[in-house]
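Dear colleague,

I am passing on the structure below, and my notes on it follow. Please read them with the coordinates open beside you.

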Amino acid sequence: MRHGSVGARVLLAMWALALGACGSDDTSSGTSARSGVELIKDGEITTCTHLPYRPFQFEQSGKIVGFDVDMIDLVADKLGVAQSIVDTPFEGIQSGEDLNARKCDIAAAAMTITPERQQKIAFSAPYFEANQALLVKKGSGIASLRDLRGRTLGVQSGTTGKRYAEKNAPDGVQLKDYEDLALELSSVKSGQIPAAVNDIPVLLDYVKQNPQLQVAAQFQTGEQYGFAMKKGTSQKLEQTVNDVIRQAQADGTYDRIYKRWFGAEPE
């Protein structure tokens, strides 16, 4: 974590005291000395996510790591602060409730940009392209949603995968909601359900760890992920995040992070 000069810190302290004198009851907010971006805590950017969602964010050796974590670390570095991560249900992230309640400054949860979500939250520029896919056991004979008539299909609550299944699963397919990705995927592994729909990157990663499973089909949805911020009040932070994404893509940093978590550079 890097700090500004002594003079800058003194000015920030005076500014905070002045706000308090004006009657503000928010004593936890801070500002990045380097950029002037307002943050809910001094010296750190607080990120909301929902664990686990490997390889975007998950716990490893007692530390939260992943593609999204590395990307927000770049934002934190640009701001001269550290990143702090809050694990929270996905519904509170995609609805904008956590951002509105100032639980976090930014949400990084492999979240697809949709018109419905854009009404509630402000998205960064797209930083990842993804499609949906179908996870099954090898030898199951399931190759498409049509093969699930009369059977159960797992979906994760509040996700675009669930929406895709609702629109495209044939009649006779029963959808079963899971709050967590881990529960959804482990249910396929254990045989509790025959198949599940979710984002292709996380399913491919899960198959690497569980070779008895396979991705039986991919669905071209053209989805793009974005980082989320509080709508209407985060313009400076939005600009910083977008600048970081563009710079990382231009100087090769993005490709290196991508290869670290996906095994190859993006096409």
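Against which strands and helices do the buried residues of helix 10 pack? Bearing in mind that this is a predicted model, the answer is that they pack against strand 4 (58-60), strand 5 (63-65), helix 2 (67-79), strand 9, helix 8 (200-209) and helix 9 (235-251). The buried residues of helix 10, which spans residues 253-262, are Thr253, Tyr254, Ile257, Tyr258, Trp261 and Phe262. Seen down the axis of helix 10, these buried residues fall within an arc of 140°, and they therefore line one face of the helix. The face turned away from that buried side carries Arg256 and Arg260, which are exposed. After helix 10 comes Gly263, with a positive phi near 85°.

Strand 3 runs parallel to strand 6 (residues 82-87), to which six bridges join it, and the partner of Thr46 in strand 6 is Ser84. Strand 3 also runs parallel to strand 7 (residues 106-107), here with two bridges, and Cys48 has Ala107 as its bridge partner in strand 7.

Finally, Ser124 lies in the loop between strand 8 (121-123) and strand 9 (128-137), and with a relative accessibility of 5% Ser124 counts as buried, the cut-off being under 20%. Leaving aside neighbours within four places in sequence, Ser124 is in contact with Ile113, Gly226, Phe227, Met229, Val241, Asn242 and Ile245.

Terms used
Residues numbered from 1 in each chain as written. Predicted model: local features only at pLDDT ≥ 70, side-chain atom pairs only at ≥ 80, totals over all residues. Heavy atoms only, no water. Pairing = 2+ DSSP bridges. Helix = DSSP H or I, 4+ residues; strand = E, 2+ residues; numbered from the N terminus. Buried < 20%, exposed > 50% of the residue type's maximum accessible area, 1.4 Å probe, protein only. Contact = heavy atoms within 4.5 Å. Arc of directions from axis to C-beta.
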